[in-house]
Amino acid sequence: MNIEQERKNRLKKMLNQMKEQILKEAREEIKKFQTGEKRQIVEAVMDDADLSVIDLSEDISLKQLSTHRDILKKIEEALRKLEEGTYGICEMCGDEIPEERLKILPFAIYCRDCQEKIEMIEKFESEEG
Ligand SMILES: [Zn+2]
């Protein structure tokens, strides 16, 4: 197995662990809705139905589920990119983003150098008005 493949496997494992964690948390939230109308909403949400149901709701728990779902989507996207070989690659300079950084920021799309450059430009632009 080459180094690329090993890195890919480690990242995949990391993302899958995150996914399991989020799913676990989401299931805990769902448990709070064992009966009634809300349960149906929750099931609809987890079934990848219309997200607008959530937006209409003021319920904090439902909003949390919505957040879980957004993260899950990001993880799925990351896993897909990983298969394509584009996950963990800086979109600016094309360098590999170090695994240490991805562990902290799994959805980072820039390496640290580029991120800093972008932040500097943004800061500069906002100061210029
Ligand atoms: Zn970069």
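In this predicted model, Arg10 is partly exposed, at 42% relative accessibility. Its side chain forms a salt bridge with that of Glu99, with an N to O distance of 2.7 Å. Glu99 itself is buried, with a relative accessible area of 18%.

A second salt bridge joins Glu96 and Arg7 at 3.6 Å, N to O. Glu96 sits in the loop between helix H4 (60-84) and helix H5 (99-104), whereas Arg7 is in helix H1 (residues 3-31), so this pair ties together parts that are 89 residues apart in sequence. Here Arg7 is buried, at 8% relative accessible area, and Glu96 is partly exposed, at 37%.

Within helix H5, Glu100 and Lys103 are three residues apart and thus separated by about one helical turn; their side chains meet in a salt bridge of 3.5 Å, N to O. Both Glu100 and Lys103 are exposed.

Turning to the metal site, the zinc ion is coordinated at 2.3 Å by the SG atoms of Cys90, Cys93, Cys111 and Cys114, in the spacing C-x2-C-x17-C-x2-C. The arrangement is tetrahedral because the four donor atoms subtend angles of 103 to 116° around the ion. Cys111 is buried at 9% relative accessible area, as is Cys114 at 3%. An unreviewed UniProt entry lists residues 90-114 as "zinc finger region: dksA C4-type"; the end C-alpha atoms of residues 90-114 lie 8 Å apart, and the span is 36% helix and 0% strand.

Note on methods. Residues numbered from 1 in each chain as written. Predicted model: local features only at pLDDT ≥ 70, side-chain atom pairs only at ≥ 80, totals over all residues. Heavy atoms only, no water. Donors = N, O, S within 2.8 Å, 3.2 Å for Na, K, Ca; no water. Tetrahedral: all angles 85-135°; square planar, octahedral: opposite > 155°, others 65-115°. Buried < 20%, exposed > 50% of the residue type's maximum accessible area, 1.4 Å probe, protein only. UniProt positions renumbered as here; feature names shortened; annotations may be inferred. Helix = DSSP H or I, 4+ residues; strand = E, 2+ residues; numbered from the N terminus. Salt bridge = Lys/Arg side-chain N within 4 Å of Asp/Glu carboxyl O.
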